[in-house]
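Reader: I am new to this structure and would like to know what the terms used for it rest on. Please set each label against its definition.

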Amino acid sequence: VDDRVFLPVSTLQRLTGWQEIYFLWGQAANLREIDTAKQQILAILEANHGRHEGTQRKFVVEDMNQLLDTIDSTTSTITTMMSLLGVIALVVAGIGVMNIMLVSVRERTQEIGTRKAIGAQQAYILNQFVAEAVLICGGGGLAGIGLAAAAITIVAEATQWPGLISLGTIRLAFFLAFGTGLASGLYPANRAARMDPVEALRHE
């Protein structure tokens, strides 16, 4: 839909009360002519309005590539900071899950001893505790993805901004949660699997 209106500057100033114009939009004939168009625009403005004290330019002509470069630089900085915060959050979460699993191993020492006494192999016990850690982190990851999707939807509806939910980001979040559970559960699971059944049964 073409909703543009063209009118003289004097009419715009009379209708709006604005006396100063802070920026103008221009369009080059094609991509190869952008630099030439910038030079021509600057030359026309200076021919009509001159320079400060005859030397300093009053106008700056910028193209969208410069604006895009600035946006890309800012976005990269924000992405780096958010990635760093994400790594810190994953480390803290991993330590928390590891502590929970160590407490679980200590509280279930007699159970582990009983299972080993009746023939349970180390691999079975190891897999059990690793699976529990993965389920804790995976469940938390899924809950976080659901909450993030709900927040994006609510903000998009409230602000009328387009909300984008990337499947790639969802996969990355889930696999990071899965990997955190796997990494943080290995040490407690290995500790449970290597318990001496006699000592475990005597534990109170």
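Author: Helices here are DSSP runs of at least four residues, numbered from the N terminus. M101 lies in one of them, helix α3. The model is a predicted one.

Reader: How do you know how confident the predictor is in the protein chain?

Author: pLDDT gives that confidence for each residue, from 0 to 100. The mean for the protein chain is 86, and 99% of its residues reach 70 or more. Among the elements, helix α5 (residues 122-159) has the highest mean, 89, and helix α7 (residues 197-202) has the lowest, 79.

Reader: Why is M101 called buried?

Author: Buried means under 20% relative accessible area. M101 has 2%, so M101 counts as buried. Leaving out residues up to four places away in sequence, M101 touches F129, E132, A133, I136 and P188. One of these, A133, is 32 residues from M101 in sequence, yet the two C-alpha atoms are 7.0 Å apart in space.

Reader: Is S184 buried or exposed, and what makes it so?

Author: The relative accessibility of S184 is 3%, which is under 20%, so S184 is buried. S184 has its place in helix α6 (residues 167-193). Beyond its neighbours within four places in sequence, S184 is in contact with G94, V97, M98 and C137.

Reader: What makes the pairing of S184 with the backbone oxygen of T180 a polar contact?

Author: A polar contact needs N or O atoms within 3.5 Å. A polar atom of the S184 side chain lies 2.7 Å from the backbone oxygen of T180, and the backbone oxygen of G181 is 3.4 Å from a polar atom of that side chain. Both distances are within 3.5 Å, so both pairs meet the distance cut-off.

Reader: Why is Y22 called exposed?

Author: Exposed means over 50% relative accessible area. Y22 has 70%, so Y22 counts as exposed. Y22 lies in the loop between α1 (9-16) and α2 (34-49). Together with F23, W25, M64, L67, L68 and I71, Y22 forms a nonpolar surface patch with about 880 Å² of accessible area.

Reader: How do you know that D63 and K38 form a salt bridge?

Author: The rule asks for a side-chain nitrogen of Lys or Arg within 4 Å of a carboxyl oxygen of Asp or Glu. The N to O distance between K38 and D63 is 3.1 Å, so the pair qualifies. D63 is in the loop between α2 and α3 (64-107) and K38 is in helix α2, so the pair ties together parts that are 25 residues apart in sequence. Both D63 and K38 are buried.

Reader: How many salt bridges does this rule give?

Author: The count comes to five. One of them joins R108 and E132, with the closest N and O atoms 3.0 Å apart. R108 lies in the loop between α3 and α4 (109-117) and E132 in helix α5, 24 residues apart.

Reader: Why is R108 called buried, and why is E132 called partly exposed?

Author: The cut-off for buried is under 20% and that for exposed is over 50%. R108 has 19%, so R108 is buried. E132 has 22%, which falls in between, so E132 is partly exposed.

Methods: Residues are numbered from 1 along each chain as its sequence is written. This is a predicted model: local features need pLDDT of at least 70, side-chain atom pairs count only at pLDDT 80 or more; totals for chains, interfaces and linings use all residues. Side-chain values use heavy atoms; hydrogens and water are left out. Helices (H or I, at least four residues) and strands (E, at least two) are DSSP runs, numbered from the N terminus. Patches are made of residues with over 30% relative accessible area and no salt bridge: like charges are joined within 9 Å, nonpolar side chains (Val, Leu, Ile, Met, Phe, Trp, Tyr) within 5 Å. Accessible areas come from the Shrake-Rupley method with a 1.4 Å probe; for residues, only the protein chains shown count as cover. Buried means under 20% relative accessible area, exposed over 50%, partly exposed in between (1.4 Å probe, protein chains only). A polar contact is a pair of N or O atoms within 3.5 Å; within protein, one must be able to donate a hydrogen and the other to accept it, and residues adjacent in sequence count only if both atoms are side-chain atoms. Contact means heavy atoms within 4.5 Å.
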